[in-house]
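User: I have a structure open and would like to go through it piece by piece. Can you help me read it?
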Amino acid sequence: MLKIENLHATVGDTEILKGLSLTLNAGEIHAIMGPNGAGKSTLAYALGGRPGYEVTSGSVDFTTAVRAEPVEAQDGEAPASDPSTSSGRTVDLLDMDPHERAAAGIFLGFQYPVEIPGVSNLQFLRESLNAQRTSRGEDPLSGAEFIKLAKEKAALLKMDMDMLKRAVNVGFSGGEKKRNEMVQMGIINPKLAILDETDSGLDIDALRTVGSGINAIMRKPDKAVLLITHYQRLLDEVKPDFVHVLADGRIVKTGGPELAIQLENEGYEAIAEAA
Amino acid sequence: MNAPLPTRRDEAWRYADLKALEPIWPKLAGPEKINVPAGETVSRQIDALTVVDGVGMVDLDVTIGDKATFQIHVLAHNADYGRIQVKATLGNGSHFELGGAILGSGSQTLEIVTETIHAEPNATSNQVVRSVLAGKAVGSFLGKINVARHAQKTDAAQSVKSMLLDRGATANAKPELEIFADDVKCAHGATVGELDKQALFYMASRGITPALAKKLMLQAFIADAFVSVADDTEREAIESKALEVLEALS
């Protein structure tokens with residue numbers, strides 16, 4: 001689904017990503033852990049296309065199954081086709097504008113979600129969803145269809161509909177902003193979610209809600225998640241298939257869920273040095 | 001008009017386009033006098049200026065009776081030089097409301113100049129001006145508030161915010177307060193900024209095109225100027241006119 005090869009990226013004059021390679025297949029959840037300043041957020045922003053995060057070399061290919069509908073097993077049978085191997089459309093992500101990347105199926109969950117005064121959450125999300133649908137050649141959702149979808153996803157994340165009527169993130173607590181990111185993800189229903197420290201600022205109950213939200217929305221055979229986190233705790237809720245350690249702009253170690261536990265016990269330094 | 005042409009030394013004409021004004025100055029009739037009788041409400045809504053030789057001028061001298069209200073909502077956009085000048089004299093317990101949006105581009109000079117005279121106690125005034133300026137446009141707000149010695153319990157507010165879309169655009173905001181009473185509230189705030197790049201990227205990351213993101217943010221920005229329009233239909237009318245003008249801005 002996502003193939004990052006030898007990615008180099010700079011912010012200002014400083015090179016932050018120094019040859020990062022990573023492949024995510026459909027159906028997989030990958031966690032990226034690493035010390036402060038390793039380049040985790042830079043990776044998220046470079047993939048999202050944020051201005052100021054300049055990719056100087058490397059490639060990022062993004063493949064989605066053509067018109068992939070959610071694959072559901074019937075009568076206990078295996079799905080007709082395995083979406084991770086089915087032929088799809090591959091695009092060069094680095095060649096696209098941020099809004100085109102979103103329309104292609106990428107969702108970026110922000111570490112610090114931005115406040116947009118005067119624009120209501122509902123209006124913002126409806127415009128977002130319909131802009132994406134339009135660019136994919138699909139019909140925009142009607143007001144009623146949209147509200148139904150928004151209600152369903154807000155309930156999933158235990159968010160009050162009144163909050164969706166308020167201006168985007170304005171006056172929201174840190175935890176509410178993160179929960180709102182997940183409601184947005186539910187409504188937009190992306191193929192690939194890149195979640196940058198979605199767990200920071202959440203209390204234990206909110207962490208559980210957000211974790212089960214991620215599972216409900218993204219744990220699908222035709223989707224993938226890149227979960228950037230500092231803490232093992234979120235990984236108890238959202239079980240990763242792979243854990244990578246990012247240090248000094250590169251992936252220095254890759255393992256299964258047990259690697260997260262090892263990191264929690266031993267710290268980054270020991271593992272980054274041993275690698 | 002017989003008065004001599006103002007100069008830039010006149011504080012109230014400091015940012016005016018006097019060159020544009022000169023040819024039509026003698027033809028100007030002077031301020032339109034409006035008397036709002038005690039206890040009544042008069043509202044004006046202007047979504048386009050009447051323009052003669054490139055100049056659009058609204059000049060009002062309003063006397064607001066006791067417990068009366070005068071409201072004006074104005075969209076300044078369609079003149080090379082546009083000026084909305086309002087002098088409001090407030091009676092006991094009266095209210096003056098001004099909501100203005102200045103939407104300029106090219107080499108337009110657009111300004112709102114107010115003189116609010118709190119002549120009697122217990123009166124309130126609220127002025128909200130939002131400017132969106134592209135190209136080399138100049139948008140100005142000059143707001144003088146005068147509170148007489150016995151006009152206690154005056155509550156006067158001004159909020160002026162400007163958004164510059166291009167490097168060559170200019171915004172001027174100048175509150176001028178003369179307060180002689182001691183039990184009053186006079187709030188005034190002014191900001192000049194540009195579109196929030198973080199918000200633009202945030203919107204793009206959700207699939208919103210740059211043009212739509214800009215439109216949504218500017219629409220929200222100028223909406224403050226019209227929240228005080230009580231009638232929903234009238235508010236929607238001036239807002240949709242504003243949106244139409246915004247879409248045409250660079």
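User: What pLDDT does chain B average?
Analyst: This is a predicted model. Chain B averages a pLDDT of 95, and 99% of the residues score at least 70.

User: And which ipTM and pTM does the model score?
Analyst: The ipTM is 0.90 and the pTM is 0.87.

User: Now the two chains. How many residues are in contact?
Analyst: On chain A there are 20, and they are in contact with 16 residues of chain B.

User: Which elements of chain A give two or more residues to that side?
Analyst: They are α2 (98–104), β7 (116–120), α3 (121–135) and α6 (174–188) of chain A. By class, the side of chain A that touches chain B has twelve nonpolar residues, six polar and two charged.

User: You listed α3(A) and α6(A). At what angle do they pack?
Analyst: The angle is about 35°, and the axes of α3(A) and α6(A) are 10 Å apart. Their crossing is right-handed.

User: Which residues make the contact?
Analyst: From α3(A) come A:Asn121, A:Leu125, A:Ser128, A:Leu129 and A:Gln132. From α6(A) come A:Asn180, A:Gln184, A:Ile187 and A:Ile188. The residues of this contact divide into four nonpolar and five polar, with no charged ones.

User: Switching to sheets. What is the order of the open sheet of four strands?
Analyst: The order is β2-β1-β4-β5 in chain A, and the pairing is antiparallel. The edge strands are β2 (14–24) and β5 (88–92) of chain A, each pairing on one side only. The twist averages 15° from one strand to the next.

User: How many bridges join β1 to β4 of chain A?
Analyst: Eight bridges join β1 (residues 2–11) to β4 (residues 53–65) of chain A. A:Thr10, for example, stands opposite A:Glu54 in β4(A).

User: What holds strands together in general?
Analyst: Strands of a sheet pair through backbone hydrogen bonds, either parallel or antiparallel.

User: And the sheet of six strands: what is its pairing?
Analyst: The pairing is mixed, and the order is β6-β9-β10-β3-β11-β12 in chain A. Its edge strands are β6 (106–109) and β12 (250–255) of chain A. Here the twist averages 20° from one strand to the next.

User: Do β9 and β10 of chain A pair in the parallel or antiparallel sense?
Analyst: Strands β9 (residues 192–196) and β10 (residues 224–228) of chain A pair in the parallel sense, over five bridges. A:Ile194 stands opposite A:Leu226 in β10(A).

User: Last one. Which strands does helix α9 of chain A lie across?
Analyst: Helix α9 (residues 257–266) lies across β3 (29–33), β11 (242–247) and β12 of chain A. The helix runs at about 45° to β11(A).

Technical notes: Residues numbered from 1 in each chain as written. Chains lettered and ligands numbered in written order. Predicted model: local features only at pLDDT ≥ 70, side-chain atom pairs only at ≥ 80, totals over all residues. pLDDT = per-residue confidence, 0-100. Contact = placed C-beta atoms within 7 Å. Nonpolar A, V, L, I, M, F, W, Y, C, P; charged D, E, K, R; others polar. Axes fitted to C-alpha atoms, helices over the stretch in contact; angles between N-to-C directions. Left-handed = near helix turned anticlockwise from the far one by under 90°. Pairing = 2+ DSSP bridges.
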